[in-house]
Amino acid sequence: AMPSLTKFKKQLIMESCMTTNYKAGQKVTHIIEYVVSCVGAFSQRFKLTNAQAYAYLHRFKAIDFLIDCYAAEHTLSIEEAVDDIVQICKKNGGRIA
């Protein structure tokens, strides 16, 4: 069974709360909404479910990248961010391109 989007968001909250790399004034909810948007765009581009996309992006370190690099990445378009996470995944052994 695929995890629900609610479970997916809860996991993102946990990961975001464990990250100390965001500047004061950037709320965790903004980071979560941004990551959810990127996962959704990735899932649409590669015709995956949100759960499949999240599992892949988590496995190949793209979720960590989006959280850690939120300050810079959120200034880009979602499409550019998806391009970036594709490259991060490839660098970490992912094969979706």
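Q: Are tyrosine 56 and phenylalanine 60 buried or exposed?
A: Tyrosine 56 is buried, as is phenylalanine 60. Please note that this is a predicted model.

Q: How are the rings of tyrosine 56 and phenylalanine 60 arranged?
A: Their centres lie 4.9 Å apart and their planes are at 55 degrees, so the pair is tilted.

Q: How many aromatic pairs does the structure hold?
A: There are four aromatic pairs in the structure. One of them joins phenylalanine 42 and phenylalanine 46. That pair is tilted, at 4.8 Å centre to centre, with 50 degrees between the planes.

Q: And phenylalanine 42 and phenylalanine 46, buried or exposed?
A: Phenylalanine 42 and phenylalanine 46 are both buried.

Q: Which residues form one aromatic cluster?
A: Phe42 and Phe46 belong to one aromatic cluster together with Tyr56 and Phe60.

Q: Changing topic, which residues touch the most other members of the largest nonpolar core?
A: That core has 25 residues, and those touching the most other members are Val35, Val39, Phe42, Leu57, Ile63, Leu66 and Ile85. At least two core residues come from each of α2 (28-45), α3 (50-59), α4 (62-68) and α6 (78-91).

Q: Which helix gives the most to this core?
A: α2 does, with seven residues.

Q: Which residues of α2 are buried?
A: The buried residues of α2 are Val28, Ile31, Ile32, Tyr34, Val35, Cys38, Val39, Gly40, Ala41, Phe42 and Ser43. Of these, Val35, Val39 and Phe42 are also among the core residues that touch the most other members.

Q: What span does α2 reach from its first C-alpha to its last?
A: α2 has 18 residues and reaches 26 Å, close to the 26 Å expected at 1.5 Å a residue.

Q: What happens just after α2, at lysine 47?
A: Lysine 47 takes a positive phi of about 55 degrees there.

Q: Stepping back, how many helices and strands does the chain have?
A: The chain has six helices and zero strands. Read from the N terminus, its elements run α-α-α-α-α-α.

Q: What percentage of the chain do buried residues make up?
A: Of the 97 residues in the chain, 39% are buried.

Q: Lastly, what share of the contacts with a separation of 6 or more comes from residues 24 or more positions apart?
A: Residues 24 or more positions apart account for 67% of those contacts in the chain.

Terms used: Residues numbered from 1 in each chain as written. Predicted model: local features only at pLDDT ≥ 70, side-chain atom pairs only at ≥ 80, totals over all residues. Heavy atoms only, no water. Core = buried A, V, L, I, M, F, W, Y, C linked by side-chain atoms within 4.5 Å. Buried < 20%, exposed > 50% of the residue type's maximum accessible area, 1.4 Å probe, protein only. Helix = DSSP H or I, 4+ residues; strand = E, 2+ residues; numbered from the N terminus. Phe/Tyr/Trp six-rings, centres within 6.5 Å; stacked < 30°, edge-to-face > 60°. Contact = heavy atoms within 4.5 Å. Expected span 1.5 Å × (residues − 1).
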